[in-house]
Every structure is written in structure tokens, then in C-alpha cells.
Amino acid sequence: MMKTTLLLLLLLVCSSSVSSSDSSPISDAVCGIFTFGDSIFDAGNNHFNKNCTVQADFPPYGSSFFHYPTGRFTNGRTVADFISQFIGIPLQKPYYEVQIEAMTGSRKGYPSNGINFASAGSGVLQGTNKNLGVTSLQEQLQQFQTLVDQNHIDKTLVQKSFVFFESGSNDIFNYFLPFAPPTLDPDAYVQAMLTQVTKFIDQIYMLGARRIALFSLGPVGCVPARALLPGAPINRCFGKMNLMVKKYNKGLECLVNDMPIKYPGVVGVYGETYDIVQRFRAIPTRYHFSDVSSACCGGGTLGGMLQCGKEGYKTCANPNEFLFWDYFHPSEHAYRLISKALWGGKKYRIRPLNLKALANITLTRV
């Protein structure tokens with residue numbers, strides 16, 4: 001009878017954000033996603049943060065799927081959204097929206113399908129774009145920790161959820177801005193970034209994370225917004241920037257490789273987003289892209305000198321044919337392809353397991 005009761009309690013974890021036991025085995029399929037990072041994942045946090053000037057809460061953002069701007073920096077869904085749909089759970093709400101609902105009493109309890117903490121414009125370095133009011137990675141982690149400490153999110157739910165991390169593009173892009181010369185050489189700068197990621201993993205592990213996915217940066221040196229940088233090439237990607245990206249990505253994979261030893265009970269995966277996107281660029285027609293260089297929505301050279309939706313912008317006729325939706329961010333079509341590769345791809349796309357395997361694995365408590 002006792003075993004039957006414990007099994008029923010375990011099966012109820014996905015429908016309740018609070019559990020009375022911290023000793024349950026970690027099993028069954030994933031039922032939530034806790035997401036941290038920047039605009040690649042931001043589902044509207046910046047929209048609800050009125051002190052932030054980095055926004056995508058105006059048309060035509062969101063036009064291809066939601067049919068209204070949600071605060072996502074694309075025309076539709078992001079990777080976190082697609083993976084949620086593959087799992088079969090509702091899309092995660094942004095943290096700030098959840099907090100507003102909790103304070104006003106419009107919702108009872110906290111979501112059992114995870115929460116999105118990502119903030120567009122943020123980086124792994126705490127000072128990145130701080131003047132724009134973004135929520136740094138460190139602040140995102142503090143928000144999450146507070147919810148766990150206050151028992152709004154139970155550790156058992158965290159253990160049964162994905163933790164997604166993608167951040168660093170803004171740090172590296174800002175390294176090349178002319179009005180803020182860096183004080184560190186590229187290698188030292190990348191190492192400083194990786195130090196912050198290590199601290200993030202340390203803390204997220206202590207808070208219960210056991211299924212951790214680190215996603216590499218895409219080829220940041222190929223985004224249309226490189227047209228804003230003096231001296232950056234237009235007819236090819238910015239090689240110096242992509243070199244930093246590849247060094248950072250290599251460091252991320254090393255962190256994943258170290259997880260089984262450093263963090264007992266964790267299964268970590270490394271998503272090779274960089275190579276996935278470069279494959280789109282190398283053979284675009286195979287993936288139904290007609291343009292892998294310019295932004296569908298924007299203005300100026302490569303469509304990269306004006307944010308989508310700002311005065312004077314232009315939009316392409318078919319966003320699904322473009323790799324880039326705006327000057328920094330992929331289109332929904334690109335996100336869909338990336339998501340499929342991460343969900344069911346082989347080891348040259350995501351390793352050592354794909355997300356589908358990670359979602360269904362049974363973890364043993366150490």
C-alpha cells in the first residue's frame with residue numbers, strides 16, 4: 001500500500017508545483033522547461049519589464065504564428081516553444097508575467113510546465129547591456145532561486161524538467177562595438193564568459209536541475225546587424241567574431257563533458273546550433289531558404305541597420321524563405337528546423353543524447 005501511495009505522488013508531480021517529498025526517484029518523462037538566456041529564448045520578459053528598452057512587443061513581430069506581438073524576437077515560435085510542443089506541454093510564460101499574475105491574484109500557484117526567465121539583450125557577463133535595463137543571467141538565476149527557496153517551485157519539479165541555457169551572443173557582439181573598447185584580449189574575454197557559465201551550472205545544480213541542455217551560439221558574425229559595425233565585411237561573415245564564438249562554444253561543450261563527474265546525477269547535453277545554422281547557409285535550397293544573408297524585416301544594408309518594426313522598415317513577402325527574421329534573430333522556419341535537429345538529431349547535431357532521449361531517460365538519485 002505504501003509503495004502504491006508513493007507512486008501516485010510521483011505521477012502527480014507534473015500537475016502540481018509543490019511536492020511534500022524531496023526523496024522521490026527522478027523518473028518518467030519531462031514535464032517542464034526552465035529557460036535562461038537572451039533574445040533567442042525571451043518569450044516576453046522584456047515586455048513586462050517597463051525599465052527595459054530592448055523590446056519586440058510591436059508589429060510585425062509574432063505575425064506568422066501568434067498573429068500579434070508577444071515579445072518574442074521573431075515572427076513566431078522559438079526553440080523553447082517548439083520543444084514544448086514536441087513534449088506535449090503548454091508554452092512557458094515569461095517570469096515577469098507569472099509574477100504579475102501571482103501578485104494580482106489572477107492565478108493560483110505557479111506553473112507546473114516551467115517558466116521562461118530569458119531576457120533579450122542580456123549576456124553571461126553581468127554588465128552586458130545593463131544600461132538598457134535587461135535582466136542579466138545572474139538576475140535570472142536569482143529570480144529562479146527565490147521561487148525555489150519560497151517553495152513556489154518544488155525541486156522535484158525542477159528535477160523532472162529541462163533546464164535550457166543559451167547566452168553569450170550579446171557579450172561577443174558588444175566586444176566589437178567601436179564606442180566600448182574591450183580591456184581583455186579575445187581569449188581572456190571568452191574565458192571570463194565561461195567562468196560565469198560555470199557559476200550558473202553550479203547554482204542551477206544545487207537548485208535541483210538534472211537535465212541540463214547548453215546550446216551553442218549560432219554564427220553571430222553572420223547576422224545582418226554586422227552591417228552596423230565599422231570594418232565588418234558585408235559580402236561574408238565577420239571572421240574574427242565567429243572565431244570568438246567557436247572558442248566559447250568549445251568551452252561550453254567541455255562543460256557538458258565534465259558534468260557527469262562534477263555534478264553527480266546530471267545528464268547534460270550540448271546542442272551544436274552553430275553547425276546546424278552553417279549547414280543552412282551552405283545548402284540553403286535543401287532547407288527551403290532563398291536568402292540566408294539578409295533580414296526579412298528591417299532596413300538598410302542586409303536589412304541589418306534598422307530594427308524590424310521601427311520607422312522606415314520593410315518586410316519580405318515570405319518570411320519562411322529567410323534564415324533571418326530581423327537583424328539579429330532567426331525566422332520561425334529556421335527555429336523549427338533547429339528544434340527538430342535538437343529534438344531528434346544525431347550526435348553531430350546534439351550530444352551525447354538528443355532532447356527526445358533526454359526527455360524520456362530515467363535518472364537515478366545519487
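**Helix packing and disulfide links in the predicted model**

The crossing of helices H3 and H11 is right-handed. In this predicted model, the axes of H3, residues 79–87, and H11, residues 332–344, come within 9 Å and cross at roughly 50 degrees. H3 is therefore oblique to H11. On the H3 side, the contact is made by Val-79, Phe-82, Ile-83, Phe-86 and Ile-87. The H11 side contributes Glu-332, Tyr-335, Arg-336, Ile-338, Ser-339, Lys-340, Leu-342 and Trp-343. Classified by residue type, this contact of H3 with H11 comprises nine nonpolar, one polar and three charged residues.

The buried residues of H3 are Val-79, Ala-80, Asp-81, Phe-82, Ile-83 and Ser-84. The packing partners of the buried H3 residues are strand E1 (33–37), strand E2 (162–166), H11 and helix H12 (355–360). Following H3 is Gly-88, which has a positive phi, near 100 degrees.

Attention now turns to the cysteines. A disulfide is a covalent bond between the sulfur atoms of two cysteines. Three disulfides are found in a search of the whole structure. One of them is formed by Cys-222 and Cys-237, with the sulfur atoms 2.0 Å apart. This pair links distant parts of the chain, with Cys-222 and Cys-237 15 residues apart and both in the loop between strand E3 (211–215) and helix H9 (239–262). The link of Cys-222 and Cys-237 is right-handed, with 110 degrees about the S-S bond. Because its relative accessibility is 1%, Cys-222 counts as buried. Cys-237 has a relative accessibility of 16% and therefore also counts as buried, the cut-off being under 20%.

Another disulfide joins Cys-296 to Cys-316, with an S to S distance of 2.0 Å. Here too the pair links distant parts of the chain, 20 residues apart. Cys-296 is placed in the loop between strand E5 (291–295) and strand E6 (297–298), whereas Cys-316 is in the loop between strand E7 (314–315) and strand E8 (322–324). The link of Cys-296 and Cys-316 is left-handed, with -90 degrees about the S-S bond. Both Cys-296 and Cys-316 are buried.

Cys-297 and Cys-308 are likewise joined by a disulfide, at 2.0 Å from S to S. Since Cys-297 lies in strand E6 and Cys-308 in the loop between E6 and E7, the pair ties together parts that are eleven residues apart in sequence. The torsion about the S-S bond of Cys-297 and Cys-308 is about 80 degrees, and the disulfide is therefore right-handed. At 0% relative accessibility, Cys-297 is classed as buried. The relative accessible area of Cys-308 is 0%, and Cys-308 is therefore buried.

Cys-52 takes part in no disulfide, and its nearest cysteine sulfur, that of Cys-308, lies 17 Å away. With a relative accessibility of 6%, Cys-52 counts as buried. Cys-254, in contrast, has a relative accessible area of 39% and is therefore partly exposed.

Terms used: Residues numbered from 1 in each chain as written. Predicted model: local features only at pLDDT ≥ 70, side-chain atom pairs only at ≥ 80, totals over all residues. Heavy atoms only, no water. Disulfide = S-S within 2.5 Å. Helix = DSSP H or I, 4+ residues; strand = E, 2+ residues; numbered from the N terminus. Buried < 20%, exposed > 50% of the residue type's maximum accessible area, 1.4 Å probe, protein only. Axes fitted to C-alpha atoms, helices over the stretch in contact; angles between N-to-C directions. Parallel < 35°, antiparallel > 145°, perpendicular 65-115°, else oblique. Left-handed = near helix turned anticlockwise from the far one by under 90°. Contact = heavy atoms within 4.5 Å. Nonpolar A, V, L, I, M, F, W, Y, C, P; charged D, E, K, R; others polar.
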